[in-house]
Protein chains: 2
Amino acid sequence: MKEPKSLFINENNLGLVTDFYQLTMAAGYFQNNMNQPATFELFVRKLPENRSFLVAAGLEQALHYLMHLHFSKEAVEYIKGHPVFKYVTKDFFNYLKKFRFSGDVYALPEGTPVFAEEPLIRITAPMIETQVVETYLLATINFQTLIASKAARVVLAAREREVVDFGSRRAHGPQAAVLAARACFIGGCLSTSNVLAGQQLGIPVMGTMAHSWVMAFDTEEEAFRAFHRVFPENTALLIDTYDTIRAACLVKELNIGDKLLAVRLDSGDILSLSKEVRKILDEAGLRHVKIMASGDLNEDKIDELMRNNAPIDLFGVGTEMVTSKDQPALGGIYKLVEQERCGERIPRMKFSEEKVFYPSCKQVYRFLNHSGVYQEDILGVDKEDMGGQPLLEPVMINGKMCKELPDLKDIQNRTLESLSCLPERLKRLKTADSYPVRKSPKLEEIRRYTEVMLKGR
Amino acid sequence: MKEPKSLFINENNLGLVTDFYQLTMAAGYFQNNMNQPATFELFVRKLPENRSFLVAAGLEQALHYLMHLHFSKEAVEYIKGHPVFKYVTKDFFNYLKKFRFSGDVYALPEGTPVFAEEPLIRITAPMIETQVVETYLLATINFQTLIASKAARVVLAAREREVVDFGSRRAHGPQAAVLAARACFIGGCLSTSNVLAGQQLGIPVMGTMAHSWVMAFDTEEEAFRAFHRVFPENTALLIDTYDTIRAACLVKELNIGDKLLAVRLDSGDILSLSKEVRKILDEAGLRHVKIMASGDLNEDKIDELMRNNAPIDLFGVGTEMVTSKDQPALGGIYKLVEQERCGERIPRMKFSEEKVFYPSCKQVYRFLNHSGVYQEDILGVDKEDMGGQPLLEPVMINGKMCKELPDLKDIQNRTLESLSCLPERLKRLKTADSYPVRKSPKLEEIRRYTEVMLKGR
């Protein structure tokens with residue numbers, strides 16, 4: 001019987017996790033002796049609607065990829081066997097067999113707020129290497145940045161209340177679930193339901209019980225007691241399986257209140273139910289029992305609940321956060337901005353229609369006002385002496401990591417501290433506002449020059 | 001220096017790719033001697049807005065999971081070390097060490113159109129097994145079904161024109177890119193840019209060139225010629241880097257037309273550009289050169305282009321398809337519907353607020369009219385003699401696969417043939433319509449009985 005395919009990504013098949021044209025272009029550069037160093041930058045042309053900032057994330061997995069990327073024997077055979085490669089010399093396939101990423105990487109530290117046109121990552125390497133890595137880098141940085149940015153909005157809406165990632169079942173496949181758990185934590189969530197994320201990354205894991213638990217017993221009381229017997233110090237009860245208020249009354253009669261951690265509401269009118277349940281619990285002397293809410297929550301619903309003083313202590317957020325449902329894709333792009341030719345560095349750009357971007361190897365300089373609030377960024381040329389804080393820092397030189405990876409908790413702290421430095425208008429959940437990203441005079445000059453040069457041809 | 005984490009899913013960590021509460025419930029069932037057989041069904045309560053049907057997908061990866069799921073030594077250690085498990089006996093951890101999925105699985109064949117309330121997959125196994133697999137099954141089936149359904153819409157919009165999946169860079173991480181490529185193929189796309197999907201699944205891979213290729217040369221002409229030298233029989237030129245019309249004129253002057261396959265438009269007003277470019281090519285005797293369009297396309301834009309007779313031969317569709325951008329999550333749920341207690345099978349349901357579903361082990365019976373068009377489905381009790389075609393079929397018995405996996409191409413054929421049997425009103429891209437899914441009288445009776453029984457407690 002045929003074995004089902006896992007479709008897992010692993011270190012041995014990384015070389016094929018790319019778009020086909022990266023490989024044809026690689027062969028093309030190779031055959032045309034075009035493997036001089038080039039610089040590509042990964043950035044977002046404009047922010048998604050309803051977003052005033054992004055939170056950079058995904059760099060660690062991008063670095064893992066660059067360190068381990070290679071073409072296995074099977075990968076090379078597969079490529080070689082494709083009819084498109086008919087006229088490509090065997091030197092190219094020998095090159096692929098020895099391929100390793102040998103370039104330099106500059107990046108924004110994960111957890112840094114980032115705006116349109118600002119590079120999240122900048123790669124300088126022989127042209128073929130810069131080209132081949134495009135697809136994987138985009139898939140990795142685009143997704144985690146998308147989710148960390150969405151999670152930050154949810155966390156802002158929840159004020160001081162804890163947000164838990166409950167989204168694994170609606171993520172875009174099993175690996176997306178784990179990546180999303182990481183990105184949600186970077187965005188400020190305190191825990192996740194995803195156990196692998198807990199084990200791999202040390203994110204606190206948590207959970208309550210499912211409706212199936214309650215349904216598996218003849219009565220709700222039996223279900224609650226049975227759970228409490230096994231987890232006497234860690235019981236959180238799901239109380240909406242049949243009738244939330246009836247179940248809340250049952251909770252107080254159970255006499256397990258001392259050690260009861262929480263009750264969870266997952267359906268119905270969460271605002272009024274949370275108030276009623278809080279009253280029932282308080283009157284029974286169960287002030288310490290927390291109320292958790294879940295069920296298709298997002299930043300807007302949470303904001304509404306908080307504005308109406310819903311007595312909710314924890315929010316379990318799933319689908320909307322791990323798919324960034326209102327904006328489910330980040331349009332990050334990866335563009336050639338500079339190229340070495342005969343020892344000279346030539347700025348490159350594209351200017352068809354609306355799709356213009358700035359040429360040359362860039363740096364982002366961030367300026368804070370006297371209270372430490374972000375005032376403006378200047379997109380300048382690399383190593384331009386601009387003042388302000390240069391945000392892109394070297395993380396890999398000649399294919400080797402050159403900077404210790406931060407702990408995930410430190411990345412989260414960076415996000416939370418940075419958010420406190422954002423102008424208030426950027427933290428509004430609705431009516432996104434823009435943050436000034438000016439271009440340095442030198443950068444503008446290079447652009448004008450490049451444009452004239454290209455159009456003049 | 002600390003190694004970056006890959007966050008890859010592999011056979012050894014499958015046990016942890018679940019929500020934490022599945023494991024606490026597992027311990028709870030274990031300690032309460034509640035491991036009798038149970039049946040869970042995975043279904044969508046209602047279709048996403050703007051969808052009249054779904055295309056079932058993801059079963060093969062779900063079966064891979066069920067075959068390989070186990071708890072490695074490290075996984076068990078991690079779970080055991082979590083403070084919540086403080087009072088759980090070591091028998092449970094020994095049970096986990098030997099855990100294998102031993103149940104029965106009934107499923108809709110991939111590529112089958114499916115509607116709200118109809119189970120895509122039905123699992124019968126000891127309670128703990130049914131519970132633990134929930135998260136992974138949902139993440140797998142939800143995602144691929146979501147994308148296959150979106151792709152089917154795109155393919156319908158494109159009429160007889162080829163649709164290529166170009167979405168890897170915007171998918172939710174590297175594995176989502178490969179899973180999406182599979183699902184897009186199931187939905188009717190003819191090829192993908194994702195090379196791993198090509199190698200693993202035999203999906204035809206294709207690509208043209210990126211803007212970076214064109215930008216890497218001093219002139220467009222040089223870029224085009226250099227590519228053609230390496231791929232003389234497989235050149236497809238991207239012509240929008242600087243000026244689409246100018247580039248189209250250049251194409252005719254290149255004198256490589258004989259073997260030129262296609263030109264690609266990726267920006268600007270695709271409708272008018274495609275007409276102008278077609279005219280330029282035709283006048284130059286290049287009628288055989290195809291026009292490919294890409295750039296944030298979706299089913300609505302493609303439909304609009306086709307209605308306006310855009311002379312486009314291939315559509316490259318990315319972001320919108322692989323994230324199902326207008327509806328980026330499928331709300332599939334997985335519910336306990338029946339449970340064995342003391343040798344008796346007891347139907348189970350939940351009825352809080354809006355979240356009702358039908359109890360008991362079910363089957364979907366599909367009825368076609370005399371022209372072979374889908375007329376209605378009846379959701380009935382398993383093995384009820386209803387007439388119609390029963391859609392759920394056994395794919396795994398006692399944890400072993402019992403049915404040969406279809407080729408991916410056969411799955412795609414099933415989709416395309418099924419779509420031709422859908423009533424026309426369901427194939428409209430706008431104003432989603434509903435398809436009748438009636439419940440059999442027997443099922444209604446069981447529901448009434450179960451509701452009375454539960455409410456009476």
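1. Helix 6 of chain A (residues 134-157) has 24 residues, which at 1.5 Å a residue should span 34 Å; its end C-alpha atoms lie 34 Å apart, so expectation and model agree. The model is a predicted one, and this should be kept in mind for every point below.

2. Of the 24 residues of helix 6 of chain A, 23 are buried, and the helix is therefore largely enclosed by the rest of the structure. After helix 6 of chain A comes A:Arg159, which has a positive phi, near 50°.

3. On the contact between the chains, 109 residues of chain A meet 109 residues of chain B. The side of chain A that touches chain B receives the most from helix 1 of chain A (residues 20-31), which gives 8 residues. By class, that side of chain A holds 53 nonpolar, 36 polar and 20 charged residues.

4. Helix 10 of chain A (residues 220-230) packs with helix 1 of chain B (residues 20-31) at an angle of about 100°, their axes being 9 Å apart. Because angles of 65 to 115 degrees count as roughly perpendicular, that description applies to helix 10 of chain A and helix 1 of chain B.

5. Which residues make this contact? Helix 10 of chain A contributes A:Ala226, A:Phe227 and A:Val230, while helix 1 of chain B contributes B:Ala27, B:Gly28 and B:Gln31. The contact comprises 4 nonpolar and 2 polar residues, with no charged residues.

Notes:
Residues are numbered from 1 along each chain as its sequence is written. Chains are lettered from A and ligands numbered from 1 in the order in which they are written. This is a predicted model: local features need pLDDT of at least 70, side-chain atom pairs count only at pLDDT 80 or more; totals for chains, interfaces and linings use all residues. Helices (H or I, at least four residues) and strands (E, at least two) are DSSP runs, numbered from the N terminus. The expected span of a helix is 1.5 Å times one less than its number of residues. A residue is buried if 20 or more other C-beta atoms lie within 10 Å of its own, exposed if 12 or fewer, and partly exposed in between; C-beta atoms are placed from the backbone. Axes are lines fitted to C-alpha atoms, for helices over the stretch in contact, and angles run from 0 to 180 degrees between N-to-C directions. Angles under 35 degrees count as roughly parallel, over 145 as roughly antiparallel, 65 to 115 as roughly perpendicular and the rest as oblique. Two residues are in contact if their C-beta atoms, placed from the backbone, lie within 7 Å. Ala, Val, Leu, Ile, Met, Phe, Trp, Tyr, Cys and Pro count as nonpolar, Asp, Glu, Lys and Arg as charged, and the others, Gly among them, as polar.
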